[in-house]
Amino acid sequence: MKLKKTLYSINIDSSAPGCGGLAGKCLAVLADFHDRAPGPVLDMLRNDIPDAIMIPGDFVLGYFPEGEEYVLDRCRNAITLLEGCCGIAPTYMSLGNHECMLCDGDYDRLRATGAILLDNEWTEAAEGILVGGFTSAYAISFKRFRDEYNRRNGTEEVKYPYRRRPRDISKHPTDRAWLDDFEQADGYKILLCHHPEYWSLREPMIKDRKIDLVLSGHAHGGQWRFMGRGVFAPGQGLFPKYTGGIHQGQYGSLIVSRGLSNPYKIVPRLGNPPEVVYLQFE
Ligand SMILES: [Fe+2]
């Protein structure tokens with residue numbers, strides 16, 4: 001399916017903290033890359049030259065490596081994408097559910113590309129412009145499983161003690177303490193948050209927080225789209241609410257990308273082309 005370009009205009013009050021530096025700027029959002037061929041995405045970005053690139057998770061295709069292998073030793077397309085992005089513009093990224101098995105060695109490989117990995121933390125991208133990355137509960141849970149396994153067994157670092165993703169994720173917590181601080185910081189706040197259901201369907205209920213712009217993916221546009229609606233999204237179920245577009249909250253907006261690929265070969269995308277989202281600040 002041909003890669004689509006979706007452009008949203010974001011109106012800002014240029015007198016508000018951080019907003020002066022954003023006027024006229026363009027951000028690209030790359031969600032759910034899933035280790036696919038990077039050529040079409042990089043060609044588009046090299047043509048358009050955004051001012052920054054935001055990757056809100058699921059840039060790898062999650063699988064369970066054997067032994068001492070790192071996920072990113074196999075997901076070479078993801079590394080090529082990040083290196084290419086960093087050659088075009090500053091690149092910020094957060095962790096989705098497919099990144100749940102990543103280890104410290106993977107994080108080293110990510111950072112070596114030049115990308116800025118935000119794992120439940122934020123950084124000041126430019127004066128008054130704060131970018132945070134909210135880590136998927138899957139990644140937090142798998143790390144806890146791993147730490148607990150190594151503690152119980154007296155092992156140094158068994159990377160993949162469980163050959164499955166955490167189940168019943170609704171019972172697993174996210175890390176919200178840093179988000180409380182982020183919310184209180186001065187500036188224009190952009191949050192990369194892979195799961196759109198965190199917006200208003202479950203904690204941390206970002207919709208009610210003082211964050212200007214939240215960028216999500218994960219829903220893959222609802223996989224099949226009819227009459228402008230998606231059919232299914234993980235974490236939201238049938239006829240999900242957040243599969244694409246802009247959604248307004250009390251203080252800011254959620255933008256959901258339909259994603260760049262389809263990791264589920266047996267369930268094709270229908271009426272739902274993969275997209276690169278561009279945000280033009282005006
Ligand atoms: Fe996802």
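Tutor: A residue is called buried if 20 or more other C-beta atoms lie within 10 Å of its own, exposed if 12 or fewer do, and partly exposed in between, with the C-beta atoms placed from the backbone. By this count Arg-269 is buried, because it has 20 C-beta neighbours inside 10 Å. What you see is a predicted model, in which local features need pLDDT of at least 70 and side-chain atom pairs count only at pLDDT 80 or more, while totals for chains, interfaces and linings use all residues. Residues are numbered from 1 along each chain as its sequence is written.

Helices (H or I, at least four residues) and strands (E, at least two) are DSSP runs, numbered from the N terminus. In these terms, Arg-269 sits in the loop between strand E15 (253–256) and E16. Two residues are in contact if their C-beta atoms, placed from the backbone, lie within 7 Å. Leaving out residues up to four places away in sequence, Arg-269 touches Met-1, His-220, Gly-221, Gln-223 and Asn-262. From Arg-269 to Gly-57 the C-alpha atoms are 19 Å apart in space, and the two residues are 212 apart in sequence.

Strand E16 covers residues 275–281, and since five of its seven residues are buried, the strand is largely enclosed by the rest of the structure. To describe its neighbours we need the rule that two strands pair if DSSP finds at least two bridges between them. In general, strands of a sheet pair through backbone hydrogen bonds, either parallel or antiparallel. With strand E1 (residues 4–10), E16 pairs in the parallel sense over seven bridges, and within this pairing Tyr-8 has Leu-279 of E16 as its bridge partner. With strand E2 (residues 26–29), E16 runs antiparallel and is joined by four bridges; here Cys-26 is the bridge partner of Gln-280, and Ala-28 that of Tyr-278. These pairings belong to an open sheet of six strands, in the order E1-E16-E2-E3-E4-E5, with mixed pairing. Its edge strands are E1 and strand E5 (116–117), each of which pairs on one side only.

A nonpolar core is a set of buried Ala, Val, Leu, Ile, Met, Phe, Trp, Tyr and Cys residues joined through C-beta atoms within 7 Å, and in the largest one, which has 70 residues, Leu-30, Met-54 and Tyr-92 touch the most other members. Apart from neighbours within four places in sequence, Leu-30 is in contact with Val-41, Ile-53, Ile-55, Leu-260 and Val-276. In soluble globular proteins, nonpolar side chains tend to be buried together.

Asp-35, in the loop between E2 and helix H1 (39–48), has a phi near 60°, a positive value in a residue other than glycine. Asp-58 lies in the loop between strand E3 (52–56) and helix H2 (71–74), and it too has a positive phi, of about 60°, although it is not a glycine. Most residues other than glycine have a negative phi. Asp-35 counts as buried because it has 24 C-beta neighbours inside 10 Å, and Asp-58 is buried with 30 other C-beta atoms within 10 Å.

Six of its six residues are buried, so E8 is largely enclosed by the rest of the structure. From E8, Tyr-188, Ile-190 and Leu-192 point one way and Lys-189, Leu-191 and Cys-193 the other way, and all are buried. Strand E7 (residues 129–134) runs parallel to E8 and is joined to it by six bridges, with Gly-132 having Leu-191 as its bridge partner. E8 also pairs in the parallel sense with strand E9 (residues 213–216), over three bridges, and Ile-190 stands opposite Leu-213.
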